[in-house]
Amino acid sequence: MTAVPETMTAIAIVGKGGPEVLQPQTVPVPQPGRGQVLIKVEAAGVNRPDVMQRLGLYPAPKGHSEIPGLEVSGTIAALGPDASRFALGDKVMALVNGGGYAEYCVADEGSCLPVPAGLSMVEAAGVPEGFFTVWHNVFERGGLKPGQWFLVHGGTSGIGVAAIQLAAALGANVIATAGSPEKCKTCLELGAKRAVDYKTEDFVEAVKAETGGRGVDVILDMVGGDYVERNIRSLADDGRLVNIAYQQGSKVTIDMMRIMLKRLTVTGSTLRIRPAEVKAAIARAVEEKVTPLLADKKIKVVIDATFPLREAAAAHARIDAAHVGKIVLTV
């Protein structure tokens with residue numbers, strides 16, 4: 001193993017605003033604490049929470065790195081006290097609390113997974129944020145079962161492509177929304193039974209038609225705003241609505257009578273602030289249920305584009321524009 005240097009290149013958020021506020025800087029290499037590992041980063045996923053942090057709308061929680069980046073792949077470069085699962089040089093992918101846009105990153109050992117055979121390090125960097133989020137929200141919180149109907153909004157986002165594939169692979173009937181005929185075609189190729197162009201179609205009517213008027217059992221929504229009431233109208237009796245973001249606003253008006261009459265569950269979550277032991281439990285479930293599907297090529301990591309670490313601003317310009325799947329920084 002190469003000795004760990006004292007300093008590294010990382011991407012700092014200088015001010016708040018557009019992609020231009022992401023600037024390379026030389027900073028100290030972080031040190032792993034108890035139960036943590038230091039990862040020599042090979043690739044880092046770019047996600048919507050990073051954009052929100054850049055805009056000043058999603059500051060790093062207290063005690064977390066202010067460097068953006070919530071998922072990485074790389075090799076174990078150092079072990080903190082009580083970290084014993086991995087050895088120096090092991091290839092891992094990890095959900096991290098921040099700090100991913102850097103040459104080195106600290107991760108809780110429980111949130112690290114071995115890289116599945118046949119997966120590139122770029123692909124591995126696109127696994128943790130999306131598949132941890134989908135597994136926990138769609139299957140643990142939403143309780144999606146084989147044969148049930150599932151609606152996911154933003155079908156070609158990093159979360160969306162993971163949700164379509166995983167739900168379809170595990171036997172659900174998937175409906176996805178997307179913003180163009182080309183993106184709808186991609187949703188169908190990934191396993192959706194129906195793709196709805198939300199710019200030209202009403203997804204409530206499309207769901208009703210596709211399910212024979214019954215509605216869907218689970219909805220994964222990252223839009224919020226006026227989608228919430230429309231989601232409620234799209235759910236079947238005993239359906240579950242899971243919100244993980246609110247691009248159109250978090251404050252909404254809903255009809256409680258409809259929730260009561262249909263016995264609906266409205267829930268949601270965010271991963272970054274959850275305790276390490278919660279993330280570790282999700283990681284173990286993903287390792288058991290999801291990584292075998294990746295290794296067997298039954299699902300895949302859809303890569304939209306890659307950018308060198310120093311070009312993080314260009315990567316954010318890409319995520320701000322049209323993209324399909326994951327955007328990844330390479331180190």
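1. A192 sits in the loop that runs between helix 5 (181-190) and strand 10 (194-197). Helices (H or I, at least four residues) and strands (E, at least two) are DSSP runs, numbered from the N terminus. The model is a predicted one, where local features need pLDDT of at least 70, side-chain atom pairs count only at pLDDT 80 or more, and totals for chains, interfaces and linings use all residues. Residues are numbered from 1 along each chain as its sequence is written, and side-chain values use heavy atoms, with hydrogens and water left out.

2. Is A192 buried or exposed? A192 has a relative accessible area of 8%, so it is buried. Buried means under 20% relative accessible area, exposed over 50%, and partly exposed in between (1.4 Å probe, protein chains only). Leaving aside residues up to four places away in sequence, A192 touches I164, V174, A176 and C187; a contact means heavy atoms within 4.5 Å.

3. In soluble globular proteins, nonpolar side chains tend to be buried together.

4. F150 touches, among others, V138, L144, A163, A167 and V174, not counting residues up to four places away in sequence.

5. R263 lies in the loop between helix 8 (256-262) and strand 13 (265-268), and it counts as partly exposed because its relative accessibility is 46%. K297 lies in the loop between helix 10 (291-295) and strand 14 (303-308), and at 53% relative accessibility K297 counts as exposed.

6. On the whole chain: there are 11 helices and 15 strands. Of the 331 residues, 56% are buried. Among contacts between residues at least 6 apart in sequence, 67% join residues at least 24 apart. The C-alpha trace spans about 60 × 40 × 35 Å along its principal axes.
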